[in-house]
Amino acid sequence: MLRYGAGKRFGRMGLGVPQWVLFGASLDMDFADSLYYSATGTNTVPGLISTSRASNGYAQNLSGLLILFGPDTPRITNIGLLIEMAATNVALWCRDLTNAVWIKVTMTVALNQIGADGSATSATLLTATAGNATCLQTIVLGSSARFQTAYIKRITGSGVIQMTTDGGTTWTTVAVTASYTQLSIPTQTLANPIIGFRIVTNGDAIAVDFVQNETGAFGTSPILTTTTAATRAADNITLTATSQTAGVTAKAAFAQTNIVNITSSPRIVDFAGPFIGPQAAGSGPAINNGTVNVGAVLGSGSYVGVVKQSFVFDGTNLQTVGNNGTPGTIAGTWAALTPINIGNRADLTRGLNGYLARLTFFNDNALRPTA
Amino acid sequence: MSQTDYLFVFADEASAKAALPAYWSANPDFVWDLSRVMSPTGNGATAPFTVYMGTDVLDGYPLSLSLTAVDETIWSIPQCMLEGDRITATILRTRLDAAQMLGISVSPVMAGTAYIFAGQNISLILDQSQHPISDSATGILDS
């Protein structure tokens with residue numbers, strides 16, 4: 001379980017404010033621990049955030065289990081609130097490799113495995129009946145950068161397991177373990193990808209679930225397909241009118257993120273222009289008032305992973321710090337801005353692509369600890 | 001929660017933008033509401049939304065809009081071809097004729113849908129006695 005040192009040391013007591021709440025918080029949303037506080041008295045997820053996402057979506061918990069969420073439902077697990085941009089999976093029958101779209105050579109298949117979401121007989125067992133057995137699907141598609149992922153776990157044997165995007169011209173070995181892991185191979189730009197698997201050793205067997213082929217340079221959460229490609233809509237997370245009140249008067253914020261992949265200037269909070277979030281390169285946190293930008297180098301780790309970060313926007317100064325590094329500070333004005341979007345920009349093209357474990361707004365201008 | 005899916009076939013992007021002003025933004029650049037809309041332009045990691053009649057790609061500017069409830073204003077847009085209830089996987093209303101209904105399919109679908117937008121033969125789930133089919137409103141499908 002993820003824990004927040006700042007929360008434990010600086011929690012406040014008395015006056016009806018729960019002890020877990022960070023000191024001075026006007027709004028504290030600890031998604032990972034399912035704890036919510038607002039000075040207005042609202043302490044439920046629907047009362048604090050609104051969610052628009054027209055599709056289903058999956059999120060992972062700390063045990064690695066995938067959990068399915070229906071449309072317009074925030075994807076909150078004990079890792080945090082998952083916020084992603086829209087994506088399309090063009091790999092058909094992504095869980096059922098017994099379907100005829102998958103061409104098997106010296107490979108037997110059976111839809112008899114527990115899936116990465118814990119569902120019975122939902123994932124596929126692939127067993128090699130000779131060396132270099134393959135299971136491939138051809139996708140009719142124009143040229144684009146393709147990223148290939150699949151949840152795989154080893155069932156039998158210890159031989160090499162490989163994946164391809166180009167019909168086997170290139171085979172890339174993936175590190176399969178006894179537990180489901182979302183494994184990937186490097187992006188390839190090509191038309192009509194031919195995706196699939198090769199089991200090098202006769203008799204070896206693997207379980208495969210949620211095969212995914214999507215545009216770009218990184219994988220996202222699973223998108224279920226059968227007969228047709230499917231799109232996961234973007235997560236549009238906004239503060240409700242109640243919680244926006246806290247954001248308007250805030251002079252500081254604290255966030256803990258667990259980002260999977262850094263894209264161009266992802267947002268933690270977007271204030272309809274000004275924003276707080278990772279620097280474009282993902283080296284550390286940044287705060288931008290629409291005119292000037294200040295960033296900071298993380299004290300430890302990288303931005304892909306767990307990062308604690310703090311921001312100050314007190315009207316005249318902008319400050320940020322991450323993972324107990326050296327703060328970045330610059331003079332810059334900050335109006336009383338209404339936070340519009342959480343984990344994305346309003347046009348939904350700057351998605352966090354990861355989990356927001358905790359987000360807190362404060363009415364004072366103290367830079368909170370990020371150790 | 002209910003989910004209602006609408007399928008449109010507009011003549012072009014300008015017509016679509018004019019008919020659905022609440023579902024796109026222009027700041028900083030034009031983009032559809034990616035939490036609710038699939039369009040032919042796609043965006044980033046999304047595939048272009050395409051409507052097929054048989055194996056032919058339909059002309060025009062197809063668009064899918066998903067809402068949390070039936071919206072009479074949206075349905076009243078003449079280019080709206082289908083209105084479907086995702087939970088029950090049924091077509092609520094259509095402006096397609098019977099032959100068109102037999103041939104239409106779309107790709108991609110919104111993840112979690114399991115009916116007409118899944119490339120199935122929608123005549124199998126359309127109860128025409130309860131939901132009469134009218135003629136095409138736009139003419140695009142007739143060409």
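Guide: Let us begin with a definition: a salt bridge is a side-chain nitrogen of Lys or Arg within 4 Å of a carboxyl oxygen of Asp or Glu. Please bear in mind that this is a predicted model.

Visitor: How many salt bridges are counted between chain A and chain B?

Guide: The count is 1 salt bridge. A:Asp72 forms a salt bridge with B:Arg36, and their closest N and O atoms lie 2.9 Å apart. As for polar contacts, 12 residue pairs are found across the interface of chain A and chain B, with both residues at pLDDT 80 or more.

Visitor: Which strands of chain A each supply at least two residues of the side that touches chain B?

Guide: They are strand E8 (87-89) and strand E19 (230-232). The largest share comes from E19(A), with 3 residues. By class, this side of chain A has 10 nonpolar, 10 polar and 5 charged residues.

Visitor: In what sense do E19(A) and strand E11 of chain B pair?

Guide: E19(A) pairs with strand E11 (residues 109-110) of chain B in the parallel sense, over 2 bridges. Within E11(B), B:Val109 is the bridge partner of A:Ala230.

Visitor: How is the size of an interface expressed?

Guide: It is often given as the accessible area lost when the parts come together. In this model, chain A and chain B bury about 1900 Å² between them, and 57% of that area is on carbon and sulfur atoms. In terms of contacts, 25 residues of chain A meet 28 residues of chain B.

Definitions and conventions:
Residues are numbered from 1 along each chain as its sequence is written. Chains are lettered from A and ligands numbered from 1 in the order in which they are written. This is a predicted model: local features need pLDDT of at least 70, side-chain atom pairs count only at pLDDT 80 or more; totals for chains, interfaces and linings use all residues. Side-chain values use heavy atoms; hydrogens and water are left out. Contact means heavy atoms within 4.5 Å. Buried area is the accessible area (1.4 Å probe) that two parts lose on being put together, summed over both. A polar contact is a pair of N or O atoms within 3.5 Å; within protein, one must be able to donate a hydrogen and the other to accept it, and residues adjacent in sequence count only if both atoms are side-chain atoms. Helices (H or I, at least four residues) and strands (E, at least two) are DSSP runs, numbered from the N terminus. Ala, Val, Leu, Ile, Met, Phe, Trp, Tyr, Cys and Pro count as nonpolar, Asp, Glu, Lys and Arg as charged, and the others, Gly among them, as polar. Two strands pair if DSSP finds at least two bridges between them.
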